[in-house]
Amino acid sequence: YVLLVEGDGKMSDANNKEHARLGFWLLDEDAAGELQQLESSLREKPFRPAAKALLVAELYLQNGLLAEALFLLESIPLAERSASLWANLGMVYLDMGLSFEAQDAFEQGLVLAQTAGNPESEADSHYGLALAYRLVNDHNASEEHLLLAKEIYLTLGSTEGVERVDNLLDK
């Protein structure tokens, strides 16, 4: 099923690239059943509740269920949030166009990563901040965070991270 929304004389639908993000659709019965099975198996794992929630949120994100992933990630108590959880939350906010919420999430993740001495999460947080700043056209702050991320990725020997940064710097 597809819900079409009319606003300002325009219709939203999945086939119209200009309005694709305005509508929503339901998973078909087979896909929903498969998703429920995968979710159940993840929830049965002997992990901490926050780790289980992060895994289920990743499953939701892989299936385009942004609202469900956001609800799950935001329900995790602040004291149990890791740098990677903050990064995932920041990416969901970015996907929804919520740049200020994304900045806050990436900044929280950056603090945790620096405190824990986790350079990979630190670089990922800088990269996320660059994306968030770019969304609000703050290109100076975006470039600053991209250069910080690149420096850390170079130190780690992460060619994938360096390539992601370079691709954004070239745009």
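Helices here (H or I, at least four residues) and strands (E, at least two) are DSSP runs, numbered from the N terminus. This is a predicted model, where local features need pLDDT of at least 70, side-chain atom pairs count only at pLDDT 80 or more, and totals for chains, interfaces and linings use all residues. Residues are numbered from 1 along each chain as its sequence is written, and side-chain values use heavy atoms, with hydrogens and water left out.

**View 1. Val 136 sits in the loop between α6 (119-135) and α7 (139-156).** With a relative accessible area of 32%, Val 136 is partly exposed (buried means under 20%, exposed over 50%, partly exposed in between; 1.4 Å probe, protein chains only). Together with Phe 100 and Leu 135, Val 136 makes a nonpolar surface patch of about 280 Å². For such patches, residues need over 30% relative accessible area and no salt bridge; like charges are joined within 9 Å, nonpolar side chains (Val, Leu, Ile, Met, Phe, Trp, Tyr) within 5 Å. A salt bridge is a side-chain nitrogen of Lys or Arg within 4 Å of a carboxyl oxygen of Asp or Glu.

**View 2. Ser 121, in helix α6, pairs up with Asn 118.** The two side chains make a polar contact at 3.1 Å (a pair of N or O atoms within 3.5 Å; within protein, one must be able to donate a hydrogen and the other to accept it, and residues adjacent in sequence count only if both atoms are side-chain atoms). Ser 121 counts as buried because its relative accessibility is 13%. Leaving aside residues up to four places away in sequence, Ser 121 touches Ala 83 and Ala 113 (heavy atoms within 4.5 Å).

**View 3. Ser 125 is another helix α6 residue.** Its relative accessibility is 1%, so Ser 125 counts as buried. Not counting residues up to four places away in sequence, Ser 125 touches Phe 106, Gly 109 and Leu 110.

Notes:
Accessible areas come from the Shrake-Rupley method with a 1.4 Å probe; for residues, only the protein chains shown count as cover.
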